[in-house]
Amino acid sequence: MPSKKSLHIESSGQLCIYCGACVGICPLNCIYLDETRITFDEKICTRCEICVKACPVGAIEIG
Amino acid sequence: MGQDRRTDVLVIGAGPAGSMTAKWAAKHGAKVLMIEKRQEIGSPVRCGEGMSKEWLGEVGIKPGKWINVEVEGARIFSPSEKVFEINEKHAGNEVGYVVERDGFDKQLAIDAANAGAEVVLKTAAVGILKENGKVVGARVKQFGETFEVRAPITIGADGFESQVGRWAGIPTNLALKDMDTCLQYRMTNVDCDIRYCDFFLGKVAPGGYVWVFPKDEGLANVGIGVQVSQIKTMAEARNYLDAWIAKHPGYAKGKKIDMVGGGVSISPPLKQTVADGMMLVGDAARMIDPLTGGGIANGCIAGKICGEVAARAVEANDASAAFLQAYEKGWRVRLEEKLYRNWLAKEKLCTIQDATFDKIVDALQGVKLDKLSVHNILKAVHEKYPEVTKEFEAFL
Ligand SMILES: Cc1cc2nc3c(=O)[nH]c(=O)nc-3n(C[C@H](O)[C@H](O)[C@H](O)COP(=O)(O)OP(=O)(O)OC[C@H]3O[C@@H](n4cnc5c(N)ncnc54)[C@H](O)[C@@H]3O)c2cc1C
Ligand code: SF4
Ligand code: SF4
């Protein structure tokens, strides 16, 4: 199986402002935001990159 | 809490829409539990804090300490920064306040609590309970423990992030063109005009606008919304905003004291907002005005209707989708036509070039409108530049 690209959410607060924009747009509903903790479900995520565009500050990177 | 429990109406999310729903359901006799995942209602703020005021009486909100500034009007700036001013005279009470949003949200939660609703913080819904295809409550998490709250009526008032609707199978997903990604700085030492909320249109913010909402002399919320489908690179929303600020000396000299962001839906109204045992309200139901991006008023107006219907459903012991149609119909009668019209107008605006924006605003110089509406604006533009309004014939 080809391995998926990696998705990284800079969630330590250096970039992420915990605004929830990515959570609301993810078509698979797989990003979770709890106050200042943001995580995503590695298995469900298809690396569609939609959240990358939706993030106003560039805290999400796919490589 | 800490163990399984029951209530009549479970409201998920204590934003304006949730608090309004909780208040009106409780006022009409229902036992209401409102849960909020944050530890402080209204904070952190994700809002430009501008709102009209004509609707406040309708939903029973009294002006309070949460008002920062009462503005005289709004100014629309075309790409070449020609200005069209909308003042109270022709906008009626459509223009309004710049508010302290956390104070506003807290006041609404206080009103809900005073009406009899129970409000519980630091408690997140993590799933819904379904039986025979009906929603019968939610699984919630508090202090690391998960338990069930059973309720004949569950309300999804969980804002833009909106999980509740999707868990229940109501399609609330947004297309890229149906969302603006937003970023805002609170800035001090800026040359804002305390009499106006300012909007800057065109390429400075594709598919959205830059806003300057004054909080006080020299203090303003300076923000941007950009349509996600027009974003090409990472952090583009921030880059657009920084570029706008750099080009405006009155703001470039300012200092940032706060930064917030978020998503705003700019979609047409949802087809469905109720299911057996549940209703969606506010941003969770994509009720934001797609043209202005304002969602506070619509969330509160729909919240009142939602709360009243929830209480009636409890009284009638009927939480079926058929009964809850009263809400679906109620909010649509009140809001849908304008939402749909403004969505159409927004779709058009997203396609027009800067030169056309300039012409439109130019055509409006010195024009007196009795009432502000897309229709009246286009009529005025039509007189000076009929070729510009050709594309907009559907609105005329
Ligand atoms: C940057 C920005 C600027 C804006 N500017 C304006 C403006 O100037 N004027 C205007 O009218 N509108 C503005 N809006 C839109 C406005 O903020 C929203 O329309 C409004 O907040 C909607 O209220 P709501 O109650 O539906 O949702 P929210 O205010 O988002 O409230 C939802 C609540 O639910 C909670 N919640 C979410 N998930 C769960 C869960 N699983 N369990 C428990 N609780 C949960 C959240 O913590 C939150 O408190 C702006 C939006 C953004 C992002
Ligand atoms: S890449 Fe796509 S699927 Fe994965 S988290 Fe982002 S929006 Fe969701
Ligand atoms: S959109 Fe970006 S800043 Fe906002 S919560 Fe997601 S990762 Fe963080």
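How do the residues of the lining of the largest cavity divide into nonpolar, polar and charged? I looked that up before anything else, keeping in mind that this is a predicted model. The lining divides into 13 nonpolar residues, one polar and two charged.

**Entry 1: the largest cavity.** I asked for cavities of 30 Å³ or more and got three. The largest cavity holds about 110 Å³ of space. It is lined by 16 residues, and the closest to its centre are C26(A), C30(A), C45(A), C48(A) and C51(A).

Entry 2: Ligand 2 sits in the largest cavity. I listed the residues around ligand 2 and found 13, with C26(A), C45(A), C48(A), E49(A) and C51(A) coming nearest. C26(A), C45(A), C48(A) and C51(A) are names I had already written down for the cavity centre. By class, the shell around ligand 2 has 10 nonpolar residues, one polar and two charged.

**Entry 3: the second largest cavity.** Here I noted about 90 Å³ of space. The lining of the second largest cavity comes to 14 residues, and C16(A), C19(A), C22(A), C55(A) and A59(A) lie nearest its centre. Its lining divides into 13 nonpolar residues, one polar and no charged.

Which ligand takes up this space? Ligand 3 does: the space it takes is the second largest cavity. I counted 14 residues around ligand 3, of which C16(A), I17(A), C19(A), C22(A) and C55(A) come nearest. The shell around ligand 3 has 13 nonpolar residues, one polar and no charged.

**Entry 4: a sheet of three strands in chain B.** I moved on to chain B and found an open sheet of three strands in the order 4-8-5, with antiparallel pairing. Strand 4 (50-52) and strand 5 (67-70) are its edge strands, each pairing on one side only. From one strand to the next, the twist averages 35°.

I then went through the pairs. Strand 4 and strand 8 (residues 96-99) of chain B pair in the antiparallel sense over three bridges. Strand 5 and strand 8 of chain B also pair in the antiparallel sense, again over three bridges.

What stands opposite Y97(B) in strand 8 of chain B? I found M51(B) opposite Y97(B), and E70(B) stands opposite Y97(B) too. A reminder to myself: strands of a sheet pair through backbone hydrogen bonds, either parallel or antiparallel.

**Entry 5: a sheet of six strands in chain B.** This one is also open, with its six strands in the order 9-3-2-13-20-19 and mixed pairing. I marked strand 9 (118-120) and strand 19 (274-275) of chain B as the edge strands, since each is listed as pairing on one side only.

In which sense do strand 2 and strand 13 of chain B pair, parallel or antiparallel? I found that strand 2 (residues 9-12) and strand 13 (residues 153-156) pair in the parallel sense over four bridges. For one bridge between them I wrote down the residues: the partner of L10(B) in strand 13 of chain B is T154(B).

Notes. Residues are numbered from 1 along each chain as its sequence is written. Chains are lettered from A and ligands numbered from 1 in the order in which they are written. This is a predicted model: local features need pLDDT of at least 70, side-chain atom pairs count only at pLDDT 80 or more; totals for chains, interfaces and linings use all residues. Side-chain values use heavy atoms; hydrogens and water are left out. A residue is near a molecule or strand if one of its heavy atoms lies within 4 Å of it. On a 1 Å grid over the protein atoms alone, a cavity is a set of points where a 1.4 Å probe fits but cannot get out, and a pocket is an open set with protein on both sides within 12 Å along at least five of seven lines; lining residues have an atom within 4 Å of a point. A molecule sits in a cavity or pocket if more than half of its atoms lie within 2 Å of its grid points. Ala, Val, Leu, Ile, Met, Phe, Trp, Tyr, Cys and Pro count as nonpolar, Asp, Glu, Lys and Arg as charged, and the others, Gly among them, as polar. Two strands pair if DSSP finds at least two bridges between them. Helices (H or I, at least four residues) and strands (E, at least two) are DSSP runs, numbered from the N terminus. Axes are lines fitted to C-alpha atoms, for helices over the stretch in contact, and angles run from 0 to 180 degrees between N-to-C directions. Grid points are joined across faces, edges and corners, and a volume is the space filled by probe spheres set on the points.
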